[in-house]
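Sequence and structure come first.

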Amino acid sequence: MFNLIPMQSEISLVLILVFILLADLMLKEPHQKKLQTIACTLMVVQLILNFQPAEGEFFGGMYHTTRMASVVKTLLTAGTLLVFMQASTWLAREDTRHKAGEFYVLTLSTLLGMYFMVSAGSFILFYVGLELASIPMACLIALDKLRHNSAEAGAKFILSSMFSSGLMLYGLSLIYGTCGTAYFDDVITHLQGTPLQVMAMIFFVAGLGFKLSLVPFHMWTPDTYQGAPTPVSGYLSVISKGAAAFTLLTILMKVFAPMASDWKLLISVVIVLTITIANLFAILQSDLKRFMAYSSISQAGYIALAVLAGTDQGEAALVYYLTVYVVANLAVFGVIGAVEQHTDGLVERSAYNGLYRTNPKLSFVMTLALFSLAGIPPFAGFFSKFFVFASAFQDGHWLVVFLALVNTVISLYYYLLVVKAMYIDPNENPVPTFRTPALVRTSLVICLLGIVALGLFSGVYQYLADMAIG
């Protein structure tokens, strides 16, 4: 009997996607609230059905999933659920409520592509998943088409994505040409580190570097985050980045292992440039969405430290970092989205001056999330950075770790600028007191609990470490 359990996450997600598509066609207008209830409920069901990690392979090894890959899929699903919950205010607007069905279908399509990326056992399936995750993403970014910034952001994303995908595809063709196969298990036996294969590896890293917003492939990020709808910016910053980071680590570890000295040198240079340049530019930003764009670029550099280690410890540190990053970053975007929708689009940092006086709960959530992103103890971000630093240091990359540590001081400064605006900077006309919808409040509470709990309970990292070794 054909055992479909290893592919249960993809199968159930396809069923959910089809169900939401049919519901969008059949429900009468206005149906935004009903559709949101259906989408969030089905994502909870997806989490429950696929909570137990599965492993196995299909199609001669083209599809290959592991227990750690199953954990990453669960993390991506949970983050998508939080984004759906935070999108309630935006989708309730008069000009966007009829786009709810499109938003859910496009988002789930990108999630399915990320599932395939994470479980790819062949460069062919990996590339199919990459394109499935990228093309609907461009539509999501441009979904607010009545606002010219959204259309501009979508155009910039699709053009940048097109060039990066073409570059990566050229690199993959070189791998196939020199190895005669696209299957991961077979490619590794044919890699000899020839100049042609080194160039192919560089092109591959460049392609995923675009998805991760690593320097120098990051220029699309600030404009795209600024122009895209805020829930889409949040989704792009954590879910898309998480899938790309895990895929990069997996392929470099399992496919390009014979060329480790080459790609570790490349990744080391990229990490230092990414963290340093992103931190310096973040200080100059007054628009909070652009600010979070440079923050996400910097965070990608720290995530790449776990990739640099290229060990089981690095894999566990990466997944733990992504878990913390999802809850912390989505908490920030949740607050930005709530304030934006209740102030007719204000996202300037100066608009947050005195926010604590009128909206203390939102200010508190934002503060803890920023503290976590900065790596201040005892919040989860401190431990996630510690484990990433430890994995890279243990592998001998002490200079890169030292430079990353120096950069944490810079990051602490610009994160505290936002905290200073909310609590200290005066404002005669602060953002009025408002009440966020129930789903948004619930998502922020979940994020807040995650920021605190993941920092207090060490069992999560130990569980991931045992799974990586096993």
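Phe210 and Trp220 are both buried (under 20% relative accessible area; exposed is over 50%, partly exposed in between; 1.4 Å probe, protein chains only). This is a predicted model: local features need pLDDT of at least 70, side-chain atom pairs count only at pLDDT 80 or more, and totals for chains, interfaces and linings use all residues. Residues are numbered from 1 along each chain as its sequence is written, and side-chain values use heavy atoms, without hydrogens and water.

A search of the whole structure gives 24 aromatic pairs. Rings of Phe, Tyr and Trp (its six-membered ring) pair if their centres lie within 6.5 Å; planes under 30 degrees apart are stacked, over 60 edge-to-face, the rest tilted. Two of the pairs are tabulated.

| Pair | Centre to centre | Angle between planes | Class |
|---|---|---|---|
| Phe210 and Trp220 | 4.9 Å | 40 degrees | tilted |
| Tyr320 and Phe387 | 5.5 Å | 80 degrees | edge-to-face |

Tyr320 in helix H14 and Phe387 in helix H17 (residues 380-394) are 67 residues apart, so their pair links distant parts of the chain. Helices are DSSP runs (H or I, at least four residues), numbered from the N terminus. Tyr320 and Phe387 are both buried.

Ring pairs also join Phe123, Phe126, Phe184, Phe204 and Phe256 into a cluster. Which residues does Phe204 contact, leaving aside neighbours within four places in sequence? Among them are Phe123, Met168, Leu248 and Phe256 (contact: heavy atoms within 4.5 Å).

Where is Leu25? Leu25 sits in helix H1 (residues 8-26). Leu25 is exposed, with a relative accessible area of 65%.

Terms used
Helices (H or I, at least four residues) and strands (E, at least two) are DSSP runs, numbered from the N terminus.
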